[in-house]
4 protein chains.
Amino acid sequence: MLYAVNHSLLKITTPIILINFKTYLEGTGKKAVELARKAETVYHETKVCVGLAPQCCDIAALASTVSLPIFAQHIDFENAGSFTGYMLPEAVKETGAVGALINHSEHRLKLSDVDTSITRTRELGLISVVCSNNAKVSAAVAALEPDMIAIEPPELIGTGIPVSKAQPEVVSGTVELVRRINKRVTILCGAGITRGEDVAAALRLGTAGVLVASGIVKAKDPYKVIREFADSTKT
Amino acid sequence: MLYAVNHSLLKITTPIILINFKTYLEGTGKKAVELARKAETVYHETKVCVGLAPQCCDIAALASTVSLPIFAQHIDFENAGSFTGYMLPEAVKETGAVGALINHSEHRLKLSDVDTSITRTRELGLISVVCSNNAKVSAAVAALEPDMIAIEPPELIGTGIPVSKAQPEVVSGTVELVRRINKRVTILCGAGITRGEDVAAALRLGTAGVLVASGIVKAKDPYKVIREFADSTKT
Amino acid sequence: MLYAVNHSLLKITTPIILINFKTYLEGTGKKAVELARKAETVYHETKVCVGLAPQCCDIAALASTVSLPIFAQHIDFENAGSFTGYMLPEAVKETGAVGALINHSEHRLKLSDVDTSITRTRELGLISVVCSNNAKVSAAVAALEPDMIAIEPPELIGTGIPVSKAQPEVVSGTVELVRRINKRVTILCGAGITRGEDVAAALRLGTAGVLVASGIVKAKDPYKVIREFADSTKT
Amino acid sequence: MLYAVNHSLLKITTPIILINFKTYLEGTGKKAVELARKAETVYHETKVCVGLAPQCCDIAALASTVSLPIFAQHIDFENAGSFTGYMLPEAVKETGAVGALINHSEHRLKLSDVDTSITRTRELGLISVVCSNNAKVSAAVAALEPDMIAIEPPELIGTGIPVSKAQPEVVSGTVELVRRINKRVTILCGAGITRGEDVAAALRLGTAGVLVASGIVKAKDPYKVIREFADSTKT
């Protein structure tokens, strides 16, 4: 039933696999629901936490279908009121999301709005997952004290080099910079994840999970990839 | 049931009362559903077309609850793909909307994006309702050939003067400018509507309906106001 | 001397060749001044009007060096006040510009801001040159009543086809749409201009001049190209 | 003479008084030049460093008139090329500026663009002065390693309370947070400065100077205020 989500049942644990559905047609509407069901199956089989970040239109359907933590892909920081067409965090929460991506590389925010968005999620009990595009920016985000940071090392984005083949410092160096400023933030690896061995490498290098998109959403057999990723968190 | 909307059953007729829920808490989540039900009651009683523009998160719930035409408050013009956090028109449609507001005064778009957004809605069979902020801009929008224009005469927005008390030219002058350029577009009055007599005046001055927000969403008794507006379309 | 420009001496005549310096290094600083001098030489030789649109930083230097009409590449519509880092039309004017490009394809504006920018230039006696990206948008811009429209038919931008080789309707069709709405606006051709014969074709098809950038600014011999363009306006 | 600035002669020393001319008419065009001359007089009398941040249009005039360090109010991070209407850092430098404000409260940038803007200034030998709106954001900016941070404690902006009357922690607390992350960055106080005693207080609380606007630009006697500020740096 819609608007009947019991957030307290949706426990976020790490390692976590967070799936960004983007605006892929393979992750839209009924297909988003199908994909969510496959993710839930993997969760039931492995007990590895799988988070879903569908389009805002689809949050309601996913939240009423599967028992997995759902994240908005974006929120607007404004308060309730005269903000036609914006994404009110309160609405995102009532619809069933437990958190939100903030500052995704495809949806960059002003520095002051990243800060305000984190504050808004904290006040509402939503989990903030802030994306960052290099080591220095990751350190800057750490200072803003979000719940999670998804680091996207530029060495991995531009090149297509997967985490498991990259210089370890590319990931571990950023983790270290972040830790100097913020001991508690949960760090995800947001780039260079194409196979299970990349998930394993990302965890070994100091992150607590991965943020992935096309690798799962556009896979021929998404169930198989999610399962491979989940299994790899245990190696 | 979600994603089972039969758009062909949702006939848009004029005069139309289009309700913008904005990001008012009174129009969010369960309260959005309650408000939609009241609007539907008025529709059943009067057969006057009532459209609803809820937040994107709430489109699914409203579309699966009431048989009224639902409009997104905004769409992003990008095609499906890597556009995290944007509002894909295809998703808006599959979730149950039949159209979208474009370029609302609280969500102004670049000129070229207004054009692309109209094109996108046309290709998908969605109804475009483009807002405009003065007479010249209304004429410009008319040249872009949307389905509907919601005119917002600045004389009515700044001053609090309702349509029924304003100089008739404020509305009829804009209607005339629009008509010189575009004979077919449906014109709504998007400002200065607080009472039933304003609805009647707006229709008398050449528009085919109204776009309203707080006057209904924040009313003590929204049913009563919607009913008053609906009745006034017949005077 | 700086700030001593006598705008009334800078007569804009058509046909006009308007050169957009963009942020090309070949059109920045001292090189912008050199380029401006070459344009002025052509003007003295041919009496064909040549306009210059340098970066804002360079307006002062050009205005104090050459007697050609100078246009800002962009203005911000805000009034004087607390708008750190924006381009005040009053400042642009005092520095020596006689007009401004508005809504260039690399600097698209919100529809309502295009309108406000035109109003601001009109109030200050500056010439507005609004760029538009297709036929419908050109018609929309015409309704906003700027002084000039620089049309950029998408058939010419995407393909590299010059005006002289394109289907004549690509240009004349847009000119016709614009004329239906606005009889007086000066129409420039803002794409597909690489050789003198394109300038001649653009004039033949109903425009009053051209807006060009790399074809002149990045030319090996800019003087030669400007001269060729100027001569072609007389064929 | 234009474009003949010898940047190496423009030594930046602290304490510094940095004057933001905004888009005030009192700081535009010829009036900007007059104001700059008054600032230069104070510099000659006191040897206290006075920086000027005029509108981009006026950089050339100021750089060719006074021997004070000039800062752009904003730069765009893009490289040279097809970016009509943007503020190329190379152009800003050639025109005579030695640095730039970045992320002013009236011109907020995306987080990733703040980072790129700092990198661009560093590569060009320009001084970056990044504005920040609260303690956490100041810490985040510190992690991006600009040359200077202008902190604007919200307790001072909203309330009109000057630094000399505020709780000392409002300024010193932010200084401390910044210093934990970055030992070398120069910290300016960007709010709450209305009288000489505020300048003195700002220095006492750990900053190396002030960023001021209307307090000087809109003063009846700007010379007197600048002189008072300069004298106060020595108390």
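Predicted model: local features only at pLDDT ≥ 70, side-chain atom pairs only at ≥ 80, totals over all residues.
Residues are numbered from 1 along each chain as its sequence is written, chains are lettered from A and ligands numbered from 1 in the order in which they are written, and side-chain values use heavy atoms, with hydrogens and water left out.

**The paired chains**

Two pairs of chains are described here in terms of contact, meaning heavy atoms within 4.5 Å, and of buried area, which is the accessible area (1.4 Å probe) that two parts lose on being put together, summed over both.

| Pair | Residues in contact | Buried area | Share on carbon and sulfur atoms |
|---|---|---|---|
| Chain A and chain B | 39 of chain A, 39 of chain B | about 3300 Å² | 59% |
| Chain C and chain D | 39 of chain C, 40 of chain D | about 3300 Å² | 59% |

On the chain A side, the residues that lose the most area to chain B are A:Tyr3, A:Cys57 and A:Thr84, which together account for 22% of what that side buries. In chain C, the most area is lost to chain D by C:Tyr3, C:Cys57 and C:Thr84, together 22% of what that side buries.

Other chains stay apart: chain A and chain C do not touch, and their nearest C-alpha atoms are 16 Å apart. Likewise, no contact joins chain B and chain D, whose closest C-alpha atoms also lie 16 Å apart.

**How the copies are related**

Copies are superposed by least squares on the C-alpha atoms of residues with pLDDT of at least 70 in both. Chain A is superposed on chain B, with an RMSD of 0.0 Å, by a rotation of 180° with 0.0 Å of shift along its axis. The two copies are therefore related as by a two-fold rotation axis. Within chain A, the C-alpha nearest the axis belongs to A:Cys57, at 2.5 Å from it, and 100% of the contact residues of chain A recur in chain B, so that the same surface serves both copies.

**The cysteines**

A disulfide, taken as a pair of cysteine sulfur atoms within 2.5 Å, is absent from the structure, which holds zero of them over all chains. A:Cys189 is one cysteine in no disulfide, and the nearest cysteine sulfur, that of A:Cys131, is 11 Å away. A:Cys189 counts as buried, at 0% relative accessibility, where buried means under 20% relative accessible area, exposed over 50%, and partly exposed in between (1.4 Å probe, protein chains only). B:Cys49 is also in no disulfide, with the nearest cysteine sulfur, that of B:Cys131, 17 Å away, and B:Cys49 is buried with a relative accessible area of 3%.
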